[in-house]
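Please read them beside the sequence and the structure.

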Amino acid sequence: MRERTGRNQQGRNQQGRDQQGRVVLNPGRERPVRQQHPWIFSGAIAQLPEELPDGEVVEVCAADGQWLARGYLNRRSQIQVRLLSWEAAEPIDAAFWQRRLQSALALRASLPEVQGCSALRLVNAESDYLPGLTVDRMGDFLVLQAGTLAIDRRKQELADQLLAMTGCQGVVERSDMAARRLEGLPPSSGLLAGNPPEGLVEVEEAGMHFAVDLLRGQKTGFYTDQRANRRRVAAYCAGGRVLNAFSYTGAFALHALQAGASQVTNLDSSLDALALAEQNLRRNGYDPDLLTANIAGDVFAVLRDWQEDPAERYDVVILDPPKFAQNQGAIERALRGYKEINRLALRLLRPGGFLATFSCSGLVSAELFQKVVFGAAVDAGRPVQVLEWLRQSADHPVAITFPEGEYLKGLLLRVL
Ligand code: SAH
């Protein structure tokens, strides 16, 4: 009874909005919207509001005029509407954002995987029903990424809300991802709320401590999506010689040493990342000179050089490259890249050795990635067995209505 009254009132309010804020779909295009996929591409849209500025909330209707959902608009993007709510009686007001943020935070509070861990993803955009908004917690600071125009407009309010909800010291913006260009937005970074971090911020993961550079580090400073995989891969490293390729600040290396690896080599093209990797080793009581080599270089070139060098043989190789496929047009080249590094890595493994290989390209499915690695094994002439299929950590959930949210995949292989 109460609900019906609410809907009627909403219906009346809506009529006022409808004049300017209505998006009408082409006939037969309502199914994904009803099934709560959060994106509406331009091709599905018959009619856009004429006056309403981009970034504002719109009412989405089927071709026959039936109300379907509420979202926000950006005519400049291929994804012209991102959906926020499928409840006619749910207005997109401050309380709405608060509820969505609370729900995202509640998940993390109950996740076993992140207990005792101070680096984690608090808000995972579309998969937390907050399209365009990514928030990581790094110790006592938050790092916010605004991926869309509508979120960019609201980022100050969101940062204030998040600061109040978490009791953190400050919120730093790192909206410098390439995808912002597709929304017509320039990169943007700096302090959004509270106090700025003084220098590096320390985070804890699995009892280890890592220095994170929130303002200058890559992405949000620390790759929290690999947390579970670092632990799983480390379990294969006891007593072994480990190559951590695309090491960034050496998180896989520290996990491997903690699990008893005898020696770890970090390999990365970024000198800043390697400097932090060395600091992180010392911070956790390891002597970088005794246990590790930190090598600056291009993984493709270095692995090629090592093919003929019998001294460069490993018990475990970890390959965690950056996103090779940024868009559809880059997929072919990305696949060749994945095949090549995997082929080279397999040939550096001792018999019985393990390869942990990843791809964070959302456009490359887990199935396709496995095929590419299979091709690499054939070319390398090394028979391999798949021991484990790896995915992104649980603080990077995937809404089942949004399979695009699944981007990180990996394989743990044994070479015969
Ligand atoms: N495994 C890391 C994250 C890796 S991010 C972790 O758990 O924290 C990818 C890294 O690859 C970045 O540090 C980047 O500097 C490095 N990189 C990108 N292209 C490279 C290349 N061709 N050769 C070596 N390193 C590269």
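1. A polar contact is taken here as a pair of N or O atoms within 3.5 Å; within protein, one atom must be able to donate a hydrogen and the other to accept it, and residues adjacent in sequence count only if both atoms are side-chain atoms. By that criterion the side chains of Arg230 and Glu205 are joined by a polar contact of 2.8 Å, and the side chain of Arg230 also reaches the backbone oxygen of Tyr223 at 2.7 Å.

2. The model is predicted, and local features need pLDDT of at least 70, side-chain atom pairs count only at pLDDT 80 or more, while totals for chains, interfaces and linings use all residues. Residues are numbered from 1 along each chain as its sequence is written, and side-chain values use heavy atoms, with hydrogens and water left out.

3. Arg230 is found in helix H5 (residues 227-234), where helices (H or I, at least four residues) and strands (E, at least two) are DSSP runs numbered from the N terminus. Its relative accessibility is 3%, so Arg230 counts as buried; buried means under 20% relative accessible area, exposed over 50%, and partly exposed in between, with a 1.4 Å probe and protein chains only. Not counting residues up to four places away in sequence, Arg230 touches Glu205, Phe222, Tyr223, Thr224, Ala251, Phe252 and His255, contact meaning heavy atoms within 4.5 Å.

4. Which residues come nearest to the ligand? Of the 15 residues around the ligand, they are Arg230, Asp268, Asp298, Val299 and Asp320, a residue being near if one of its heavy atoms lies within 4 Å. The shell divides into six nonpolar, five polar and four charged residues, where Ala, Val, Leu, Ile, Met, Phe, Trp, Tyr, Cys and Pro count as nonpolar, Asp, Glu, Lys and Arg as charged, and the others, Gly among them, as polar.

5. An oxygen atom of the ligand is 2.7 Å from an N or O atom in the side chain of Asp268, and a polar side-chain atom of Gln218 lies 3.1 Å from an oxygen atom of the ligand. For Asp320, an N or O atom of the side chain is 2.7 Å from a nitrogen atom of the ligand. Taken alone the ligand exposes 590 Å², of which the protein buries 89%; these accessible areas come from the Shrake-Rupley method with a 1.4 Å probe.

6. Ser175 has its place in strand S10 (residues 170-175) and counts as buried because its relative accessibility is 0%. Its side chain makes a polar contact of 2.6 Å with the side chain of Glu173. Leaving aside neighbours within four places in sequence, the residues in contact with Ser175 include Leu144, Gln145, Arg180 and Pro186.

7. Tyr129, in the loop between strand S7 (119-124) and strand S8 (133-138), has a positive phi near 60 degrees although it is a residue other than glycine, and with a relative accessible area of 36% Tyr129 is partly exposed. Tyr248, also not a glycine, has a positive phi of about 50 degrees and lies in the loop between strand S14 (241-245) and helix H6 (251-258); at 10% relative accessibility, Tyr248 counts as buried.

8. Pro383 is placed in the loop between H11 and S19 and, at 48% relative accessibility, counts as partly exposed. Pro383 touches Arg414, Val415 and Leu416, not counting residues up to four places away in sequence.
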